[in-house]
Amino acid sequence: GSSLEPEERSMEPPAMPEEEMPLTAVPGPAGCQLFGYVGIEAVLDQMKIKTMKMGFEFNIMVVGQSGLGKSTMVNTLFKSKVSRKASQPSQEEHIPKTVQLQSITHVIEEKGVKMKLTVTDTPGFGDQINNENCWDPIIKYINEQYERYLREEILITRKRKIPDTRVHGCIYFIPPTGHWLRQLDLEFMRRLSKIVNVVPVIAKADTLTLEERAEFKQRIQEDLKTHAISVYPQEDFDQDPDDRVLNDRIREKIPFAVVGADQEHQVNGKRVLGRKTKWGIIEGQRGDGDLTSFLPTATLGRSHLQDLKDITHNVHYESYRVRRLNESNRP
């Protein structure tokens, strides 16, 4: 046998044919140009059709002293008789001894979209001489709705759609005193803003002059900033730049000055919701900076209704869920 000399090996890898060269990912633009119609945009139509068939739920709570127009304001907000007023209550029932919670549920339909709306009123809040811990029944009710949703969620065999009774927004009515916030107002918003979306409003804003209202708003904003009370829309949850610009505009008007009205009047040939006075008609949902509502449907409906639901689920409910699960895992 003949001995073979070892071949000299090169450090470079052997050349590969051009058609067999490996493909590597090259970073390119975020979008990709399509050569034809794919049908991606049809997903939005599918989601819309599904939502119209299933509908959705929205739960709102109104808190404030008696006589501030809570029921009227809710009727103005949703343009329907969703909140009923008590018909001539007796002397014993006029001022409840403790805070009571009353919920009314309606199904509202607009352009084929159904919404199950639940309005929770809190008669008796702030009406007593001693209002110590009057927020406890409200906090208990909100946490009970979180607990009910959590128990349905952790079941092994759970429902395809869990009934949602969680409070998505709490409208807090501030009396139009024109002075600083009361200790009751500060304590309530400080405690409730940690577990629910709180929207402060100045009730019956037409009782204040333009100068008084502007000064009252500024004082309230200073109080909220001094006591580190974060009301809706919270700055920490602004992720999209466009949303931040819109929310900054809304935050400048907090607290909203509202004028509730549930009766229609003729104005320039149109039927509008408003209050008739000696000097004219105050429209309930014009956001023009006059003696009108700064809480139009654009705030809670047209642009922020889904945002209220998302923050409730992803922030407030998530905090409650983590706390409850940690408590159950402790030895």
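Visitor: Is R166 buried or exposed in this predicted model, and why?

Guide: Burial is read from relative accessible area, and a residue under 20% counts as buried. In this predicted model, R166 is buried because its relative accessibility is 4%.

Visitor: Where is R166 placed in the chain?

Guide: R166 belongs to the loop between α4 (136-153) and β4 (169-174).

Visitor: Which residues is R166 in contact with, leaving aside its neighbours within four places in sequence?

Guide: A contact is read as heavy atoms within 4.5 Å. For R166, the partners beyond those neighbours are N59, Q145, Y146, Y149, T312, H313 and Y317. One of them, Y146, stands 20 residues from R166 in sequence, and the two C-alpha atoms are 6.0 Å apart in space.

Visitor: Which polar contact does the side chain of T312 make with another side chain?

Guide: A polar contact pairs N or O atoms within 3.5 Å. The side chain of T312 has such a contact with the side chain of N197, at 3.2 Å. A polar atom of the T312 side chain also lies 2.7 Å from the backbone oxygen of L308.

Visitor: What else is T312 in contact with, apart from its neighbours within four places in sequence?

Guide: Besides N197, the list for T312 holds Y146, R166, V167, H168 and Y317.

Visitor: How is the chain as a whole to be read, and how many helices and strands does it have?

Guide: The chain has nine helices and nine strands. Of its 331 residues, 38% are buried. Among contacts between residues at least 6 apart in sequence, 69% join residues at least 24 apart.

Visitor: What is the accessible surface of the chain?

Guide: The accessible surface is about 21800 Å², and carbon and sulfur atoms account for 51% of that area.

Visitor: Which residues make the nonpolar surface patch?

Guide: Such a patch is made of residues with over 30% relative accessible area. Here L34, V38, I40, V43, L44 and M47 form a nonpolar patch of about 610 Å².

Visitor: Is L44 buried or exposed?

Guide: A residue over 50% is exposed. L44 is therefore exposed, since its relative accessible area is 60%. L44 lies in helix α1, residues 42-54.

How values were computed: Residues numbered from 1 in each chain as written. Predicted model: local features only at pLDDT ≥ 70, side-chain atom pairs only at ≥ 80, totals over all residues. Heavy atoms only, no water. Patch = residues over 30% accessible without salt bridge, like charges linked within 9 Å, V, L, I, M, F, W, Y side chains within 5 Å. Areas by Shrake-Rupley, 256 points an atom, 1.4 Å probe, with all protein chains shown as cover. Salt bridge = Lys/Arg side-chain N within 4 Å of Asp/Glu carboxyl O. Helix = DSSP H or I, 4+ residues; strand = E, 2+ residues; numbered from the N terminus. Buried < 20%, exposed > 50% of the residue type's maximum accessible area, 1.4 Å probe, protein only. Polar contact = N/O pair within 3.5 Å; in protein donor to acceptor, adjacent residues only side chain to side chain.
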